[in-house]
Every structure is written in C-alpha cells, then in structure tokens.
Amino acid sequence: MSAPLLEVDNVERKFVARRSVLGRPTATVSAVAGVSFSLEAGHTLAIVGESGCGKSTLGRLVLRLIDPTAGRIRFDGRDVTTLSEGELRPLRRNAQLIFQDPYASLNPRMTVGQILAEPLTLHDIVPAPRRAARAAELLRLVGLEPRLARRYPHEFSGGQRQRIAIARALAVEPKLIVCDEPVSALDVSIRAQVLNLLRDLQRRLGLAYIFISHDLAAVKQVATRIAVMHLGRIVEIGPYATLFANPRHPYSRALLSAIPVPEPGAKRERIVLRGEMPSALHPPDGCAFHTRCPFAVARCRTERPELAGGSHAVACHRADDLPPSHVVPRQDRRSQSLGRLVNAFRRRTDDRLGAGVDKPPGY
C-alpha cells in the first residue's frame with residue numbers, strides 16, 4: 001500500500017486575541033487544536049462544521065499559507081513545516097487553492113488568458129510562446145471556449161468565473177487542491193455543474209481534494225471521507241457512506257439532521273441544538289460540545305474525549321450508548337392527499353385515452 005499524499009499530525013494553530021498596552025499577548029485563541037488525518041491521491045476529504053470551527057484555517061495550514069503553532073504536515077513524503085520560502089516553491093505548484101468567492105478571487109485588471117498564464121510564468125513550466133495555447137487547453141478542460149481568453153472576469157457569470165478559478169488551479173498540474181467553500185456563492189443549478197466538473201477532473205487527472213464546506217448536500221456528492229470539526233477539533237471522521245448512514249457523534253447527527261430528505265413522505269428526526277456555540281476564547285472544560293449535547297453526562301464536563309475508533313473514529317464518551325439514527329419514511333396527510341389527486345388525474349387521463357383522445361407526447 002502506497003504512502004498517503006498528505007499526512008497531518010497533531011497540528012495546532014493559535015492566534016493572538018488580545019494584547020496589552022505594550023503589545024504583549026494577553027489572550028490567545030486555538031483555531032485548530034490537535035488535528036490529525038491523512039489523504040491518499042485521487043481521494044477527497046471533506047471538512048464540515050459550523051462557521052468559526054477552524055475549517056478554512058486548517059486548509060491554509062495544509063498549504064503553508066500560515067504556519068502551524070505545533071505539529072507536523074507531510075506532503076508527498078516531505079515535512080513541509082520546516083521548509084523555507086524558497087523550498088516551498090515546489091509545494092506551491094503541487095498544492096493549489098480554489099477560493100470561495102469567484103467574484104473576488106480573479107484580478108479584474110487582467111484578461112482570462114493573462115490570469116491563466118500567470119502561474120505558468122511564476123513556475124516557469126511552459127515556454128512563453130506556448131502559454132496562450134496552454135490557456136486555451138485549460139479553458140477547454142473546464143468546459144469554456146478558448147476564444148473567451150480575451151475577456152475580463154466581469155464579463156462572466158458566477159459559475160463561469162469559478163470554472164476559470166478551477167482552470168487557474170489546474171494550470172500548474174497540482175496533486176492536491178484545497179477547495180474552500182467553492183460552490184457556496186453560486187446558484188443551486190450552477191453548484192451541481194461545478195461539483196460534477198470537480199468529480200470529472202478528479203477521475204481524469206487523479207487529483208486529491210480537501211473540500212471545505214458547510215453544505216452537507218454538496219459534500220455527499222464529492223467526498224470519499226468526511227471530517228466533522230467542532231471548535232478547532234475533529235470530533236468524527238470516516239468514510240462518507242458510513243458517516244452519513246451511522247453518525248456516531250451527537251454533533252454530526254445534528255448537522256446531518258438538517259439535510260432535506262429528497263423523498264416524498266420521508267421524515268428525518270430533526271435535532272435542534274439548544275444554546276449558543278461555546279467561545280473559542282474561553283472553551284469549556286471537558287468535551288467542548290457538552291454545553292449543547294442532549295446526551296452529556298458528568299464525565300463529559302470534566303474529561304475531553306480523544307478521537308478513536310479506526311477508520312470511523314469519533315471523539316465522544318457516549319458514542320456506543322447512543323440510540324440508532326435513521327430516516328423513517330412516513331406518509332403525512334398532505335402527501336396522502338397529493339397522492340390521491342395524482343391517482344385521480346391518472347384515472348381521468350386513462351378514461352379520456354380510452355374514449356379515443358390522442359395520447360399526449362411522451363405519455
């Protein structure tokens with residue numbers, strides 16, 4: 001079995017929250033606290049959680065856009081936490097970032113062709129005479145016409161801009177792409193197109209993704225594994241099918257219960273968390289989720305659980321005691337009435353067809 005492309009080992013990142021009059025730090029916030037995971041080539045790890053839980057900070061730590069306070073990050077077999085800025089250049093080529101907002105991530109003063117040629121110039125991987133041709137190839141790769149290379153970003157829709165951002169990330173032929181909320185700023189119909197594009201590119205190019213999102217419906221379409229973060233820590237991680245079918249952490253269950261069920265009459269038990277998310281500046285003792293957890297016991301208030309459990313790991317003292325979580329199909333009155341109306345319409349249509357009325361197209 002080959003070594004993982006990316007290994008994150010007990011990584012932490014603290015930020016200064018307050019300083020004294022003399023500029024000395026008086027309070028810090030742990031945005032990422034002891035996170036560990038691995039990612040294989042060609043796979044997707046989705047990182048989900050509430051706003052402020054540390055998802056985007058973790059993505060930037062992986063790319064060394066910010067330095068970790070503690071821990072190790074190994075990329076392609078090399079410890080990148082000790083590299084200098086000059087030694088990081090190969091990493092910049094092999095690990096790229098797709099930003100959340102396609103309206104702000106593209107330089108409005110540059111044409112699309114110039115935007116796509118810029119990383120080729122910075123890394124000097126394509127001779128200058130061939131850069132325009134390479135830009136045209138990249139546009140075709142993401143489903144856009146090469147003639148659009150002469151246009152500026154403001155001449156494109158949001159979905160087209162995000163395709164251009166994806167093409168820019170692909171320009172240097174990376175092994176890993178960190179997708180930081182790549183579809184959250186797009187319309188629902190465009191989201192599906194961009195997600196399908198990402199999956200297609202992964203199959204064709206063997207890319208690995210870290211997919212950061214709060215949209216669990218989008219995550220379900222692209223993820224190989226899912227990591228659920230809460231207040232800077234991973235509280236559950238496992239294969240997407242296993243985690244969706246049997247979430248073991250109460251916080252994961254609450255997140256998944258909010259996903260609409262695409263089946264008429266099916267009901268999912270809605271879990272409403274009481275209270276507010278604890279302060280990252282003053283996190284509670286023990287399990288940070290115990291202030292909102294309906295299953296918390298005395299141990300949860302004093303002892304922080306460690307992430308354990310093999311391929312489907314969970315950080316919860318009561319993971320083995322929780323009742324099963326599942327979707328229960330149930331016909332309510334509205335769906336029953338709708339079903340009766342549909343059946344009545346079909347019978348009426350059948351009667352008309354039997355009386356010699358021509359069939360409508362596609363019936």
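# Reading a predicted fold, feature by feature

Guide: Start with one cysteine: C316 counts as buried, at 18% relative accessibility. Buried means under 20% relative accessible area, exposed means over 50%, and partly exposed lies in between (1.4 Å probe, protein chains only).

Visitor: What kind of model is this?

Guide: This is a predicted model, in which local features need pLDDT of at least 70 and side-chain atom pairs count only at pLDDT 80 or more, while totals for chains, interfaces and linings use all residues. Residues are numbered from 1 along each chain as its sequence is written, and side-chain values use heavy atoms, with hydrogens and water left out.

Visitor: How many disulfides does the count give?

Guide: The rule asks for a pair of cysteine sulfur atoms within 2.5 Å. The count comes to 0 disulfides. Take C316 again: its closest cysteine sulfur is in C293, 6.1 Å away, which is too far for a bond. C293 is also buried, at 17% relative accessibility.

Visitor: Now the whole protein. What percentage of the residues is buried?

Guide: Of the 363 residues, 44% count as buried. The accessible surface comes to about 19,500 Å², and carbon and sulfur atoms hold 50% of that surface. These areas come from the Shrake-Rupley method with a 1.4 Å probe; for residues, only the protein chains shown count as cover.

Visitor: How many helices and strands are there?

Guide: There are 10 helices and 13 strands. Both are DSSP runs, numbered from the N terminus: helices are H or I with at least four residues, strands are E with at least two. Then look at contacts (heavy atoms within 4.5 Å). Among contacts with a separation of 6 or more, 65% join residues 24 or more positions apart.

Visitor: How do I read a sheet? What is the strand order here?

Guide: Strands of a sheet pair through backbone hydrogen bonds, either parallel or antiparallel. Here, two strands pair if DSSP finds at least two bridges between them. An open sheet of 7 strands runs β6-β7-β8-β3-β9-β10-β12, with mixed pairing. β6 (95–98) and β12 (313–314) stand at the edges with a single partner strand each, so one side of each has no neighbour in the sheet.

Visitor: Which helices pack on the sheet?

Guide: Helix α5 (residues 158–170) packs on the sheet and touches β6 and β7 (176–180). The direction of α5 makes about 170° with that of β6. Helix α6 (residues 188–205) also packs on the sheet, touching β3 (44–48), β6 and β8 (208–212). The direction of α6 makes about 155° with that of β8. For such angles, axes are lines fitted to C-alpha atoms, for helices over the stretch in contact; angles run from 0 to 180 degrees between N-to-C directions.

Visitor: Let us zoom in on β9. Is it parallel or antiparallel to β10?

Guide: β9 (residues 225–230) and β10 (residues 233–239) pair in the antiparallel sense, over 6 bridges. I226 stands opposite G238 in β10, and V228 stands opposite E236.

Visitor: How does β9 run relative to β3?

Guide: β3 and β9 run parallel, joined by 4 bridges. The bridge partner of A46 in β9 is I226. Of the 6 residues of β9, 5 are buried, so this strand is largely enclosed by the rest of the structure.

Visitor: How many salt bridges does the structure hold?

Guide: Side chains of opposite charge can pair when their charged atoms come close. A salt bridge here is a side-chain nitrogen of Lys or Arg within 4 Å of a carboxyl oxygen of Asp or Glu. The structure holds 18. One of them joins D76 and K175, at 2.5 Å from N to O. D76 lies in the loop between β4 (70–75) and β5 (78–79), and K175 in the loop between α5 and β7, so the pair ties together parts 99 residues apart in sequence. D76 is partly exposed, at 42%. K175 is partly exposed too, at 35%.

Visitor: What does E173 pair with?

Guide: E173 forms a salt bridge with R134, with 3.8 Å between the closest N and O atoms. E173 sits in the loop between α5 and β7 and R134 in helix α4 (residues 131–141), so parts 39 residues apart in sequence are tied together. E173 is exposed, at 52%, whereas R134 is buried, at 14%.

Visitor: Where do D200 and R203 lie?

Guide: Both lie in helix α6, 3 residues apart, which means about one helical turn between them. D200 is partly exposed, at 26%; R203 is exposed, at 63%. Elsewhere, salt bridges that share partners join R130, R134, E137 and E173 into one network.
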